[in-house]
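Student: Could we go through the labels attached to this model and set each value against its cut-offs?

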Amino acid sequence: MGGALLETEARTILKEGISQGISQGISQGISQGISQGITQGENLLAALMSRLFADGRAEDAQAAACDETVRKRLYKEYGLTKE
């Protein structure tokens with residue numbers, strides 16, 4: 001009877017460990033995804049600003065900094081997005 005109890009306890013511990021590992025993995029994956037997304041967004045905006053300033057389009061740079069619609073239009077104009 002002791003062996004069956006130990007086996008049941010081992011299965012319970014294993015299930016809890018797997019569950020905890022999955023939760024930690026998901027949390028870490030979300031955190032890394034957010035970090036990568038922020039970096040990609042910053043790089044995209046920096047590329048747009050660089051091109052706008054190089055083309056003497058400071059007013060468009062200002063508008064892009066403040067207006068998402070303008071920013072998306074300019075990303076498309078400069079071929080910086082897949083859309």
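Tutor: K72 and E68 are four residues apart in helix α3 (residues 68–77), and therefore about one helical turn separates them; helices here are DSSP runs of H or I with at least four residues, numbered from the N terminus. This is a predicted model, in which local features need pLDDT of at least 70 and side-chain atom pairs count only at pLDDT 80 or more, while totals for chains, interfaces and linings use all residues. Residues are numbered from 1 along each chain as its sequence is written, and side-chain values use heavy atoms, with hydrogens and water left out.

Student: What makes the contact between K72 and E68 a salt bridge?

Tutor: The N to O distance between their side chains is 3.1 Å, and the term requires a side-chain nitrogen of Lys or Arg within 4 Å of a carboxyl oxygen of Asp or Glu, so the contact qualifies.

Student: Why is K72 called partly exposed?

Tutor: Its relative accessible area is 47%, and since buried means under 20% and exposed over 50% (1.4 Å probe, protein chains only), a value in between is called partly exposed. E68, at 45%, therefore counts as partly exposed too.

Student: How do you know that E77 forms a salt bridge with R73?

Tutor: The closest N and O atoms of E77 and R73 are 3.7 Å apart, which also meets the cut-off, so the pair counts. Both residues lie in helix α3, four residues apart.

Student: Which residues are linked with R73 and E77 in a network of salt bridges?

Tutor: R57 and D60 belong to that network, and the closest N and O atoms of D60 and R57 are 2.7 Å apart.

Key:
Helices (H or I, at least four residues) and strands (E, at least two) are DSSP runs, numbered from the N terminus.
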